[in-house]
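Please read this briefing with the sequence and the structure side by side.

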Amino acid sequence: MIPAGFEYHRPGDIASAIGILQEHGDEARVIAGGHSLIPMMKLRMAEMGHLVDLQAIEELKGIEIGPDTVTLGAMVTQHELITHDGLSAAIPLMREAALQIADPQVRYVGTVGGNVANGDPGNDMPGLMQCLNATFELSGPDGNRSVAARDFYEAAYFTAREDEEILTRISIRVPGSGVGQAYEKQKRKIGDYATAAAAVMVGNGTASVAMTNLADTPIWSGEASNALAGGDVDGCVSAMLDAIEPVEDNRGPVEFKKHVASVMLRRAITRAQSRAG
Amino acid sequence: MNDQTLTPEERAANLKGMGCARKRVEDVRFTQGKGNYVDDIKLDGMLFGDFVRSPYAHARVVSVNKEAALALPGVIAVLTAEDLSPLGLHWMPTLAGDKQMVLADGKVLFQGQEVAFVVAEDRYIAADAVELVEVEYEELPVLTDPFEALKSDVVLREDLEGQTEGAHGPRKHHNHIFTWEQGDKDATEAVLAEADVVAEEMVYYHRTHPCPLETCGSVASMDKVTGKLTLYGTFQAPHAIRTVVSLISGLAEHNIRVISPDIGGGFGNKVGAYAGYVCSVVASIVTGKPVKWVEDRMENLMSTAFARDYWMQGKIAATKEGKITGLWCHTTADHGGFDACADPTKFPAGFMNICTGSYDIPTAYLAVDGVYTNKAPGGVAYRCSFRVTEAAYFIERMIEVLAIKLNMDAAELRRINFIKANQFPYQSALGWEYDSGDYHTAWDKALKAVDYDGLRADQAQRIEEFKAGKTRKLLGIGLTHFTEIVGAGPVKNCDILGLGMFDSCEIRIHPTGSAIARLGTISQGQGHATTFAQIIASEIGLPADDITLEEGDTDTAPYGLGTYGSRSTPVAGAATAMAARKIRAKAQMIAAYLLEVHDNDVEWDVDRFAVKGAPERFKTMKEIAFAAYNQAIPGLEPGLEAVSYYDPPNMTYPFGAYICVMEIDVDTGEWEVRQFYALDDCGTRINPMIIDGQVHGGVTEALAIAMGQEIAYDEMGNVKTGTLMDFFLPTAWETPNYITDYTVTPSPHHPIGAKGVGESPNVGGVPAFSNAVHDAFRPFGLVQSHMPHDHWRIWKIANGLGMHG
Ligand SMILES: Cc1cc2nc3c(=O)[nH]c(=O)nc-3n(C[C@H](O)[C@H](O)[C@H](O)COP(=O)(O)OP(=O)(O)OC[C@H]3O[C@@H](n4cnc5c(N)ncnc54)[C@H](O)[C@@H]3O)c2cc1C
């Protein structure tokens with residue numbers, strides 16, 4: 001439970017952080033809240049010579065609520081997602097989902113950027129971001145680019161982000177009024193990752209559905225979303241069940257997970273529909 | 001304050017003696033972060049040890065290459081079995097009469113087994129060096145199933161090959177440890193053959209772990225000048241550890257000082273001896289410096305003592321009317337790679353023979369087979385007396401299974417089979433003499449408190465609603481009436497490694513009327529400093545607030561066997577009362593002298609001796625204490641102190657009635673405890689607040705065990721639940737509210753009638769939760785399903801009963 005030794009860097013801006021990443025290549029990794037990375041380091045499943053702490057970079061902080069778009073700095077904590085009134089009004093789904101992450105102690109420190117950049121299929125934010133059709137902004141040695149959340153996840157811990165890129169901001173279009181939103185998560189206890197979780201938006205003839213921890217990436221299904229947009233709940237659920245690929249682990253066997261996935265999804269749909277205008 | 005104006009009741013209240021909900025004196029330091037645990041101990045020049053552990057469950061250790069590790073700056077030594085063997089310390093005796101490798105001697109038998117011990121200047125260097133030790137393994141076939149192990153050709157314990165006699169009699173197979181039989185086999189089989197009804201079931205109590213918040217650790221400091229070894233550690237039995245260290249190391253016992261500082265929970269995990277303790281001692285002897293070893297959470301879960309893992313095949317016979325006529329049980333006990341169960345020597349399956357429970361069962365038979373597998377050793381009593389939770393779970397499940405077979409209400413079935421109040425002392429078919437009990441009174445009180453009939457009506461309505469498709473939630477009512485056997489125990493039949501299981505207390509009254517008491521036990525959170533002072537306060541009339549309590553330092557405390565098996569109050573608590581009575585007897589003589597009357601002409605009155613018939617003529621205990629030291633009294637030595645070593649005449653038998661009402665979602669397997677009622681009868685109640693606290697803590701552990709907590713292995717012998725993400729420790733969020741209640745049936749043989757309570761809630765809680773799950777599904781045909789009842793296993797029950805369409 002003691003990590004291997006490392007050099008600690010604390011750059012004050014994005015450019016210097018990228019510079020350090022370039023200088024040390026594979027040997028370097030950024031650290032945000034550390035609540036996914038440090039446990040891996042303690043287990044010595046992640047070992048790196050250089051840790052680049054993003055805490056001192058002001059550009060990565062702050063929540064901006066525009067008329068159409070919300071942007072979140074990568075270093076916004078999960079706690080801020082819960083306590084920011086403007087955000088809760090614009091996208092209530094964010095708060096509802098963030099409250100389901102870990103426990104208050106983890107959320108005070110864990111960041112939204114770390115949660116989405118991590119690439120752990122257990123993280124709740126990636127599925128949520130796919131449901132919201134968020135865009136991730138990345139800065140690297142070659143400049144800035146944007147990647148849609150729905151295109152970001154390749155496999156467990158593999159994402160579209162290059163090693164020397166930093167996720168800087170997340171932008172999300174504010175769902176129109178009349179769109180009902182809901183997040184449902186089953187977990188074994190407080191502080192646990194999902195056995196199955198569902199993020200649902202529905203209303204105004206549109207819908208979007210994504211699920212968490214049921215494959216090696218979050219699963220957003222266009223087919224399931226379309227079915228729901230057309231009012232076909234059963235079709236939505238069966239399309240989603242076709243899309244997920246859960247594996248057996250301590251949370252249970254595949255059959256059980258599929259069943260729970262359908263229950264979570266139906267519950268989220270019912271709740272989202274009840275909130276649709 | 002002129003205490004002549006106070007009534008006897010007011011004077012008694014001022015003492016904060018027995019019955020007072022006195023606040024815990026320990027909490028002043030704990031709540032301010034001023035506790036002093038093993039890892040808080042820092043000695044000059046102290047080194048740190050850390051283990052290289054086996055990633056395999058069964059493998060030959062071909063070679064250990066230390067070179068790279070030794071080359072790391074700051075690394076002092078890397079010890080292997082080869083280094084320990086000249087000292088004869090590469091193996092150590094276990095508490096169960098087996099032996100266990102301290103460091104891998106040619107092979108490893110479980111994942112996480114200790115292979116090498118790295119000693120370095122700090123714990124960070126030690127952790128880096130552990131990575132640098134190169135161990136070459138040759139994997140061997142893994143046995144994780146005890147039934148398979150008994151059939152397999154694979155020999156786990158090659159060191160025992162050819163030995164057909166074990167510590168507890170004949171071994172039937174090379175992976176077999178012992179068979180232990182109790183009761184009358186032939187008579188029981190005859191009863192089963194003739195019975196109106198026989199219910200048969202396999203009841204599995206899964207492997208779990210006590211998981212104290214503080215993990216195990218030690219600091220050994222060998223002073224080469226004085227030749228004295230000081231060993232600090234997480235020891236539930238510091239005196240026994242001193243004797244064992246002396247016996248296995250050859251150091252004279254007076255040259256060993258063992259200190260248990262504050263202990264952050266034990267629950268049985270800290271009873272045994274671990275490789276880390278031995279290695280810290282050896283490393284300190286070798287280096288001449290203090291050496292600290294503290295395991296991390298994963299090491300604690302995967303290598304130090306587990307609990308349970310009993311496969312209990314049961315048969316219960318009854319008349320058509322439900323009167324139980326016989327009980328039969330065969331248990332297959334998975335003990336892991338070494339038999340390191342912590343049980344009294346003559347009881348290799350502990351007190352599993354309390355498995356007739358609260359019932360008057362005339363004929364019974366129990367056999368237990370211990371088996372070696374490729375799992376961690378242990379088998380400790382996790383917040384229970386030796387194997388008593390297993391026994392209680394078994395009988396409380398068998399009662400439910402029988403109720404199903406008889407189509408009877410399980411509360412009524414219990415009632416008609418309880419041992420009656422006038423049958424105590426009761427001789428059980430499996431050999432125990434229950435000291436006292438009044439089960440019917442407790443049961444009726446419990447059923448009334450929860451409105452049992454009302455609950456059944458709710459449940460019936462819920463079933464209707466479920467069948468009508470109006471709800472997906474079932475309601476389960478989990479009943480338990482448990483009887484424990486605690487307070488080991490009479491030296492005539494209870495010893496551990498030959499050490500008799502008495503306990504002790506020494507009380508010294510200071511001239512100004514305050515006192516210090518020292519005991520052979522050691523608190524790990526039970527609040528001894530609070531409650532034992534209350535016993536003394538009531539016995540000798542000095543305020544509990546003026547009495548200091550000390551435990552855990554073998555240089556100062558009297559010898560005792562330590563704290564586990566709810567034995568502190570039954571044994572050391574009795575010693576405390578007896579020592580106090582010796583003091584009171586001397587005080588009586590002093591008082592009589594001071595009052596110028598005959599010894600028999602004074603009588604005890606709360607906090608003083610008064611002349612019989614003239615209560616205004618008295619000497620308070622404070623006055624007597626001063627006189628004891630400062631006045632020459634003919635025929636009496638100065639001073640006022642006493643010591644008592646108490647060998648209990650019998651165990652004590654606390655009991656209780658627990659009822660759990662649980663909501664269960666058949667689609668997700670999620671559950672919610674709607675109500676939990678716990679009635680405990682622990683005899684005389686010393687501190688009701690501490691009792692409530694113990695019940696809350698114990699029921700919460702029971703909730704964890706029943707509803708999710710387990711040490712699970714895959715077929716390769718890998719531990720699947722080695723972190724707190726997967727090993728369920730409930731937080732405040734998962735913990736329900738508890739309603740506590742009591743009856744009082746004192747123990748007739750205990751000086752103050754107390755029976756012990758710390759473990760009752762775990763013993764009674766587990767079957768209450770499990771029975772609630774079973775009860776919810778009983779109307780749909782469920783008979784038996786194994787714990788832990790986590791979401792997917794509950795879902796599987798529902799799925800198997802066709803509830804998912
Ligand atoms: C007990 C516990 C329970 C938890 N339960 C949940 C849960 O239920 N749901 C859930 O979603 N999460 C859970 N988590 C994880 C938690 O939310 C983490 O905080 C989160 O996954 C990572 O965020 P972080 O800021 O801590 O990132 P870090 O741990 O610092 O980083 C995680 C990874 O992302 C990379 N990274 C971080 N920031 C950036 C960036 N700006 N650009 C590029 N790469 C970056 C790091 O290099 C690292 O590889 C839990 C954690 C713990 C300890």
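Predicted model: local features only at pLDDT ≥ 70, side-chain atom pairs only at ≥ 80, totals over all residues.

Residues are numbered from 1 along each chain as its sequence is written, chains are lettered from A and ligands numbered from 1 in the order in which they are written, and side-chain values use heavy atoms, with hydrogens and water left out.

**Chain A against chain B**

- The size of an interface is often given as the accessible area lost when the parts come together.
- Here 26 residues of chain A are in contact with 27 residues of chain B, where contact means heavy atoms within 4.5 Å.
- Between the two chains about 2200 Å² is buried, and carbon and sulfur atoms give 57% of that area; buried area is the accessible area (1.4 Å probe) that two parts lose on being put together, summed over both.
- Of the area that chain A buries against chain B, 27% comes from A:Ile2, A:Lys189 and A:Asn250, more than from any other three residues.

**Cavities**

- Seven cavities of 30 Å³ or more are found in the whole structure.
- A cavity is a set of points, on a 1 Å grid over the protein atoms alone, where a 1.4 Å probe fits but cannot get out; lining residues have an atom within 4 Å of a point.
- Grid points are joined across faces, edges and corners, and a volume is the space filled by probe spheres set on the points.
- The largest cavity holds about 160 Å³ of space.
- Its lining has 15 residues, and those nearest the centre are B:Val244, B:Val245, B:Ile248, B:Tyr277 and B:Val278.
- In the lining of the largest cavity, 14 residues are nonpolar, one is polar and none is charged; Ala, Val, Leu, Ile, Met, Phe, Trp, Tyr, Cys and Pro count as nonpolar, Asp, Glu, Lys and Arg as charged, and the others, Gly among them, as polar.
- Five lining residues come from α8(B), the largest share.

- B:Arg53 is in strand β1 (residues 47-53) of chain B; helices (H or I, at least four residues) and strands (E, at least two) are DSSP runs, numbered from the N terminus.
- B:Arg53 counts as buried because its relative accessibility is 15%, and buried means under 20% relative accessible area (1.4 Å probe, protein chains only).
- The side chains of B:Arg53 and B:Glu299 are joined by a polar contact of 2.7 Å, that is, a pair of N or O atoms within 3.5 Å; within protein, one must be able to donate a hydrogen and the other to accept it, and residues adjacent in sequence count only if both atoms are side-chain atoms.
- A polar atom of the B:Arg53 side chain also lies 2.8 Å from the backbone oxygen of B:Gly112.
- B:Gly573, in helix α16 (residues 568-595) of chain B, is buried because its relative accessibility is 0%.

- Most residues other than glycine have a negative phi, and most peptide bonds are trans.
- A cis peptide bond joins B:Phe424 and B:Pro425, with omega about -5°.
- Another cis peptide bond, with omega about -25°, joins B:Ala488 and B:Gly489.
- A:Asn213 is not a glycine, yet has a positive phi of about 65°.
- B:Arg308, in strand β17 (residues 306-318) of chain B, is not a glycine either and has a positive phi of about 70°.

How values were computed: Buried < 20%, exposed > 50% of the residue type's maximum accessible area, 1.4 Å probe, protein only. 1 Å grid on protein atoms, 1.4 Å probe; cavity = no way out; pocket = protein on both sides within 12 Å on 5 of 7 lines; lining within 4 Å.
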